[in-house]
Amino acid sequence: MPTPTTIICLLAFLAVLAVATGDGTTTTTHLHFYIHETFAGDNATTASLAPSPLAVAGSNSSFGSVGALDDELREGSDAASRYLGRVEGLVVQADLGNPAAAWTLLTLAFAGGDYNGSTLVLDGRVDFGAAGDMERAVVGGTGRFRRARGYSLMTKFGNPTPNTGVFEMDVYVTTMA
């Protein structure tokens, strides 16, 4: 006769298996939007949290510096375009040889429309100094994007003012039913 602990473990395993397998149906969604960032001033959406410990020692390095962001997610490149939510995250300068490269962890938090209350989580290394797209992995999500996988491509769209930047982003998300 199995023990109660064995039965509980077996039931937990079967529940996890049922959730993990779903019915196998996948849906791919393409999202297109703009990230509006303010670097300085009273309405700044970025902040430096910790300077490089190497810079403190007299070096010109930015390695190890940490920043946070809480940018606006909008439908268009114009700051007056429809508000979609926030882009919240961390940026860590994690490349000793390239001060423009950083590890980023971003949460796209949707506030309205079909995706209201849902989030997507993006993770990856980006090189802000390189030409072309900056690619990150979609590593998860909540709400409509539960169990999401995919990738995002981001390019710098422009600088409407000296203190602001706009980035264009395409996200290709696959979710499983």
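By class, how many nonpolar, polar and charged residues does the lining of the largest pocket have?

Modeller: The lining of the largest pocket has 19 nonpolar, 8 polar and 4 charged residues, where Ala, Val, Leu, Ile, Met, Phe, Trp, Tyr, Cys and Pro count as nonpolar, Asp, Glu, Lys and Arg as charged, and the others, Gly among them, as polar. Please keep in mind that this is a predicted model, in which local features need pLDDT of at least 70 and side-chain atom pairs count only at pLDDT 80 or more, whereas totals for chains, interfaces and linings use all residues. Residues are numbered from 1 along each chain as its sequence is written, and side-chain values use heavy atoms, with hydrogens and water left out.

The lining of the largest pocket is made up of 31 residues, and those that lie nearest its centre are E37, T46, L69, V91 and F128. A pocket here is an open set of points on a 1 Å grid with protein on both sides within 12 Å along at least five of seven lines, and lining residues have an atom within 4 Å of a point. The space in the largest pocket comes to about 600 Å³, a volume being the space filled by probe spheres set on the points. Several strands (DSSP runs of E, at least two residues) take part in the lining of the largest pocket: β1 (26-38), β2 (46-50), β3, β4, β5, β7 and β8 supply at least two residues each. Strand β3 gives the most to this lining, with 5 residues.

The second largest pocket has a volume of about 180 Å³. Its lining consists of L31, H32, F33, E75, R82, L84, F110, G112, G113, D114 and Y115, and by class these are 5 nonpolar, 3 polar and 3 charged residues. Here β1 gives the most, with 3 residues.

A search of the whole structure finds 5 salt bridges, a salt bridge being a side-chain nitrogen of Lys or Arg within 4 Å of a carboxyl oxygen of Asp or Glu. One of them joins R74 to E72, with their closest N and O atoms 2.8 Å apart. R74 counts as buried because its relative accessibility is 12%, while E72, at 25%, is partly exposed; buried means under 20%, exposed over 50%, and partly exposed in between, for a 1.4 Å probe and protein chains only. E72 also forms a salt bridge with R86, where the closest N and O atoms are 4.0 Å apart. Because R86 lies in strand β4 (residues 83-92) and E72 in strand β3 (residues 66-74), this pair ties together parts that are 14 residues apart in sequence.

Another salt bridge is formed by R125 and D95, whose closest N and O atoms are 2.6 Å apart. This pair links distant parts of the chain, since R125 belongs to strand β6 (residues 119-127) and D95 to the loop between β4 and β5 (101-110), 30 residues apart. R125 counts as partly exposed, with 49% relative accessibility. Salt bridges that share partners join D70, E72, R74 and R86 into one network.

Finally, R147 deserves a look: R147 has a positive phi of about 65° although it is not a glycine. R147 sits in the loop between β7 (134-142) and β8 (149-158), and its 31% relative accessibility makes it partly exposed.

Definitions and conventions
Helix = DSSP H or I, 4+ residues; strand = E, 2+ residues; numbered from the N terminus. 1 Å grid on protein atoms, 1.4 Å probe; cavity = no way out; pocket = protein on both sides within 12 Å on 5 of 7 lines; lining within 4 Å.
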